[in-house]
Amino acid sequence: MKKKFLIFLTTCFGALSLSAQQPVSPNGKLTVSNSGQGISVNYQKQEVLNIPVLGYEGIKSNRLKFKPIGKVTANYQMLAGKKSTCTNEANEYVAKLSGNLQLVLRLYNDGAAFRYELSGLKGKLPKEKTAYMIPEGTKRWMLQWTDSYEGFYPMSTTGKIKPIGRMAGVVKSDEGYNLRWGFPTLVEPQEGVFMLLSEANIERNQAAACLYTEGDLLHVTPDVNEVNLKGKWHSPWRIAIIGSMQDLIQSTLVTDVSEPCKLSDTSWIKPGVVSWIYWAYNHGSNDYNIIKKYVDMAVTLKLPYVLIDAEWDEMKDDKTIEDAVAYANSKGVKPMIWYNSSVGWIDGAPTPKFRLNKPEDREKEFAWCEKIGVAGVKIDFFSGDCQRDMTYCIDLLESAAKHHLLVNFHGATVPRGWQRTYPNLMSTEGVYGAEWYNNVPTFTNVAASHNTTLPFTRNIIGPMDYTPCTFSDSQHPHITSDAHELALTVLYESALQHLADKPESYLVQPQQVQDFFGKLPTTWDETRYVSGYPGESVVLARRSGETWYVAGINGTNDKKVLDVDLSFISGAKCVQTFADADPAQYQLTGNKGWLITSGNQIPKQIATQPRGGFVLVIKSQK
């Protein structure tokens with residue numbers, strides 16, 4: 001990777017007309033003011049976030065007096081993500097809370113970030129007190145916490161929500177309401193103004209955090225951290241992305257505040273589309289003949305990767321994983337293999353287990369992977385957000401990079417910036433995705449609406465391995481249209497985009513659809529919000545080179561016309577359209593069927609069927 005990273009720190013803000021006690025973003029739209037013992041974040045002179053409580057228990061905090069300490073300008077390249085060249089700037093301030101505790105605040109044009117810096121530590125960290133106030137009546141989309149972050153983001157105007165009991169880690173109030181929530185949380189504090197709360201830049205001596213409800217307050221609560229600290233320490237960045245929906249969709253704030261790339265050589269990191277075995281069979285990869293089918297599918301569709309899932313260490317018919325890897329490589333398809341992290345689900349879980357936990361075992365295993373021609377690893381079943389798991393993930397990323405292995409974390413926490421620091425992290429699950437069609441019938445009737453919520457919530461903060469685009473049914477049916485399913489491969493950002501359906505399902509599609517997969521980018525130079533609202537519809541445009549992919553889906557059970565204003569694409573020519581056919585024109589069960597056209601003018605609106613969608617492929621003529 002050709003890296004560009006430059007930080008300027010100046011000691012004064014000559015251009016700032018406001019006093020040192022009034023932090024302001026470079027464009028002047030965001031300001032911070034004191035609010036009791038905390039702060040208020042204002043967008044265009046209106047309060048959008050009140051943080052009434054800051055600091056740590058046992059440390060008496062002073063009223064904040066912010067002083068400017070510099071201007072941060074970070075220009076850097078991303079190998080994967082929503083944007084290849086990231087340029088952002090912030091004004092940075094510091095306020096002393098006590099003798100050994102200070103708050104560092106950065107105001108970006110698209111949000112605010114702050115972290116605590118402590119000194120003189122001896123032993124365990126005190127309890128963090130940070131709390132966000134989200135008043136009753138405010139629209140919010142919140143994820144009930146579970147260690148795998150596999151849940152929904154239902155819209156609500158209250159924090160008094162009954163939990164889904166089957167989720168792990170449920171914490172309830174005496175009245176039976178859910179108390180524990182995961183990042184990110186989306187809020188609409190004013191009509192048309194949005195805010196996404198999350199955190200970024202988790203390091204070795206840190207745990208990830210969640211949110212706990214107390215009335216109108218959401219308390220930031222880090223998970224277990226048993227490290228005995230000595231001297232200086234700082235927290236992860238607490239972030240609030242703020243502005244229009246366009247601002248949120250385009251924001252790179254999570255990676256802006258994260259550590260720069262730590263890998264000296266990234267030339268071997270190649271994103272791409274993957275054929276994936278597990279979903280269609282609801283089983284691992286111990287059948288060599290099925291693995292061959294998915295390799296052959298990758299060859300036909302011109303996909304660069306195949307993922308060999310769990311149980312490859314128990315291959316049948318006298319075959320081994322080395323046979324499967326050799327077959328894939330002989331066909332020009334790069335294989336990846338699955339591992340159990342062996343810190344979460346262990347008893348009754350699939351194998352292989354306990355191969356990565358000890359440094360010496362991990363080194364031996366990854367060296368063997370590199371030797372036999374494995375291109376990457378999918379590591380599954382972590383146990384939450386504790387400091388132990390965070391450090392383990394960092395160890396895995398660093399060790400994998402030494403052996404030129406791509407990494408995909410499953411059953412794991414959501415992204416918090418590691419995709420910049422360790423760009424061999426291609427994707428992370430942390431989402432209620434298509435895999436759930438295998439587990440319970442719930443997803444069938446809610447998938448369309450859920451799918452339109454994810455681009456506004458989970459996928460804003462980083463790559464999301466939803467495993468999209470299934471045309472057939474697995475254990476439980478889906479009722480989204482084929483065009484809706486195809487659109488997910490563009491709407492959802494993931495450097496490894498796994499096609500989950502069985503080979504015969506893809507290979508019976510029209511040739512134009514098959515060709516689409518072989519050309520599909522999985523990293524983007526630019527991303528734009530076009531239209532939509534969480535839970536109802538979404539249209540996004542993503543650019544790769546001079547080609548734009550525009551995708552939209554309808555999350556409702558009614559026909560819906562989606563707005564497609566693409567005036568920002570200059571000299572554009574629509575190359576191809578994939579859309580919903582009128583059900584009256586085909587004889588298929590359910591709301592499916594294709595309308596594929598070429599060479600059309602770019603439409604300003606597109607009609608979709610219930611739970612339908614579309615994809616436009618557009619050439620930009622500069």
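Predicted model: local features only at pLDDT ≥ 70, side-chain atom pairs only at ≥ 80, totals over all residues.
Residues are numbered from 1 along each chain as its sequence is written, and side-chain values use heavy atoms, with hydrogens and water left out.

**The parallel sheet**
- Seven strands make an open sheet, ordered β22-β21-β20-β19-β18-β17-β23, with parallel pairing (strands are DSSP E runs of at least two residues, and helices H or I runs of at least four, numbered from the N terminus; two strands pair if DSSP finds at least two bridges between them).
- At the edges you'll find β22 (425-428) and β23 (496-499), each pairing on one side only.
- From one strand to the next, the twist averages 25° (axes are lines fitted to C-alpha atoms, for helices over the stretch in contact, and angles run from 0 to 180 degrees between N-to-C directions).
- Four bridges link β20 (residues 376-380) with β21 (residues 406-409) in the parallel sense, and glycine 376 sits opposite leucine 406 of β21.

**The antiparallel sheet**
- Six strands form another open sheet, β24-β25-β26-β31-β28-β29, and here the pairing is antiparallel.
- β24 (526-533) and β29 (594-598) each have a single partner strand, so one side of each lacks a neighbour in the sheet.
- Neighbouring strands are turned by 15° against each other on average, direction ignored.
- β25 (residues 537-544) and β26 (residues 547-554) run antiparallel, joined by eight bridges; valine 539 has glycine 552 in β26 as its bridge partner.

**Helices on that sheet**
- Helix α9 (residues 443-453) lies across β25 and β26, at about 135° to β26.
- Helix α10 (residues 482-491) packs on the sheet at about 130° to β26, touching β25, β26, β28 (572-580), β29 and β31 (613-620) (contact means heavy atoms within 4.5 Å).
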